[in-house]
Every structure is written in C-alpha cells, then in structure tokens.
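The sequence and model are shown first.

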Amino acid sequence: MELALFYYTLLMLLLSILVAAVCLSAYLVSHKKTTLFLSIAFAFYFFDVALVFQDEFIMRSTQQALPSLYMFVRSLASVVTGGGFITAFWVLVCDYLGESRRALLVVPPVVFAVASVAMLVVIPDGENQRFWFWTMHQFYMYWILLYAGYRFVKQKDEAERARLWRHRVIYLAAWVLSLGILVEDAAFFLFLDIPSFTIGPLIFTTERNYAENLLLLVIGIAAVRDCFRMLSLRFERPPAQGGSKRQEQQIVENLNVFATRHKLSQREREVLYLILIGKDNQNIASEMSLALSTVKVHVHNILKKTGSASRQELIQDFWKMS
C-alpha cells in the first residue's frame, strides 16, 4: 500500500509540473496573463505536494515523531506554497473578470496569511489546530468562488455573462470538491481517532487529501486543453482569410466582450472583425461599401480606444483576452 501511495504522490508531482510547463509555453506564445498565473499556481502546488516527501524523509531519518518546532516551520512553508497556488488562482480570476483594484487583489492573500499564522499561535498544538489551519486554505478558496459567482450575478452585459457561463461546469466542480476537502479534513482531524485507513488501493491520511488532488486535476485538465487550443492558433500574425473555423469561432465568441470592454461602436466592431480575419483597409472598404478614408478613421478610433500602437498589437491584445 505504501508503494502505491508513493507512486500516486509522484504522479501528482508529475502532473503539476507538466501543467505548469504547458501553461508557461502558452504564455510565451500568447502573452496571455491567465496562462502565466496558471503556470505559477501549479508550480506552487508542485512544491506543496513535495513537502510530503520532506516529512517522510525526516521521520525515517530520525526514527521519531516530527517535533513541534519542525511542524511549526513546516506549517509556515505550507502557508507559502499553499497560499501561493491559491493566490495565483485569485489573481487569475481578477484578471479574467477585469478587476484591477489593488486593494482587492492584495487584501485576501494578506488575510489568509495572517489568519493561518494566527491558527498556529492561538490554538494549542493538536488535531484541532491542524484542522483550523488547513481550513484557512478552504476559506480562501470559498472567497474566490463566492466573488466569481457574485460578479456573474451582478454582470449586466450579455456578452460578458455568456463568456463567464461557459465555465459553469468547472465552477460547480470547484465548489463540490472544495467542500469535499473540508469534509475530508474534518473527518480526520475532528472525528476519527486513527492516523490512517485504507479503502481498496487508497490510503487516507491527514497529510493527503484526495478531494484536493482531484480538484487540481480537474483544473489542470481544463488548463492544458485550453493551452493546446491556444498554441494551435497562429498568434504572431492574424488568421489568413478563409482560415480555420476554429479561429473564426474564437473571434466570434470573444469579439463582443473585447468590444464592450473598450467601448467600441457597432460599426467599429464590424471593422474589428474584418481586421481580425486578416483584411486590409482597402478590402474592408469594399466589404462594407465604405470610403477608404472612412475605414481609416474607424481603424484609428479602434486603435485609440484599445490603446494599441498598431494593427498587429491590436490583434495580439485580442488573442491575449480570448
């Protein structure tokens, strides 16, 4: 059983670093910040899981139970690694929702860190302390999910709501599995008086939480899927006229959201679409039955409203958001 658990932990480490690498590759191609935040999140999770090996090494080296001082320092390390990957998700959600208020970005991770350390200092050492310490991680996750849900409910723009609604499955899965993490921790720390038990090939202990692993696996699969899709799209130049249906579908799905954020008029949205599918000003003028000078004015206004220095930068900014 211990050998199976060893390889299970290795698998989680491998999946974490694989997802981090794929997301980093997508970021280097697209410069889309959400992929960078995902890469950072899974890199932190890699080290969070690796701490389990550290505990096993110390125990087998000393042939003794882990001392209180070591557990305190180890818990502080968990605040950094666990808080790191949750904070990366928090920043990702804020970026995806267009939230840029610095106080809102900074306060949740600070509250998490202070509350976690408080649990270690205020509550006496024991199972009750461990439960409340790890529960701070779950409260942080619940905050992220509640905030995302609040923003969806308050969102009035139909295009933005449609964009958020596409992620409803992973949102619901995150809620279910996050609650599962809390239940699993409560069972071990508060109700069961045994260090571990087995169900088939699974060994349940206080140091491993299968609901948490499954949550990261679900997020990782979704992230890798989106990154592979992104890597398949041409980013350095606009899709050629008559390009793939997948590229055109991506443009249609995200055009209204991009245009709404930058307050583009309906006519400017139509011009933007033609820019994105690779048409120059003359072709746009012919397509829309407009004078070339009128098209140039629309293009100039689009660049000004989006803060882009050129058509190429405009296209890259669009794909970063998509």
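Glycine 84 is buried, with a relative accessible area of 12%; buried means under 20% relative accessible area, exposed over 50% and partly exposed in between, with a 1.4 Å probe and protein chains only. This glycine is found in helix α3. Its contacts, not counting residues up to four places away in sequence, are Phe44 and Val79, where contact means heavy atoms within 4.5 Å.

The model is predicted: local features need pLDDT of at least 70 and side-chain atom pairs count only at pLDDT 80 or more, while totals for chains, interfaces and linings use all residues. Residues are numbered from 1 along each chain as its sequence is written, and side-chain values use heavy atoms, with hydrogens and water left out.

**The chain as a whole**

The secondary structure comprises 13 helices and two strands; helices (H or I, at least four residues) and strands (E, at least two) are DSSP runs, numbered from the N terminus. Of the 322 residues, 44% count as buried. Among contacts with a separation of 6 or more, 70% are between residues 24 or more positions apart.

**Packing around α4**

Helix α4 (residues 102-122) packs against α3 (residues 68-96) and against α5 (residues 127-154). Axes are lines fitted to C-alpha atoms, for helices over the stretch in contact, and angles run from 0 to 180 degrees between N-to-C directions.

| Pair | Axis separation | Angle |
|---|---|---|
| α3 and α4 | within 10 Å | roughly 160° |
| α4 and α5 | 8 Å | about 165° |

The axes of α3 and α4 cross at roughly 160°, which makes α3 roughly antiparallel to α4; angles over 145 degrees count as roughly antiparallel, under 35 as roughly parallel, 65 to 115 as roughly perpendicular and the rest as oblique. The α3 side of the contact includes Phe72, Leu76, Val79 and Trp90, and the α4 side includes Leu105, Pro109, Phe112 and Val117. By class, this contact has 13 nonpolar, four polar and no charged residues; Ala, Val, Leu, Ile, Met, Phe, Trp, Tyr, Cys and Pro count as nonpolar, Asp, Glu, Lys and Arg as charged, and the others, Gly among them, as polar.

α4 and α5 are likewise roughly antiparallel to each other. Among the residues that meet are Pro108, Pro109 and Met119 in α4 and Trp132, Phe133 and Tyr140 in α5. The contact of α4 with α5 has 13 nonpolar, three polar and one charged residues.

**Helix α7**

At 1.5 Å a residue, the 24 residues of α7 (residues 168-191) should span 34 Å, and its end C-alpha atoms are 33 Å apart, which agrees; the expected span is 1.5 Å times one less than the number of residues. Its buried residues include Leu177, Ile181, Glu184, Asp185 and Phe188.

Arginine 269 lies in helix α10 (residues 266-276) and is buried, with a relative accessible area of 17%. Leaving aside neighbours within four places in sequence, arginine 269 is in contact with Leu255, Asn256, Ala259, Thr260 and Leu264.

Lysine 263 lies in the loop between α9 (245-261) and α10 and is exposed, at 67% relative accessible area. Its phi is near 55°, a positive value in a residue other than glycine. Serine 289, in the loop between α11 (281-288) and α12 (292-306), also has phi near 55° and is exposed, at 66%.
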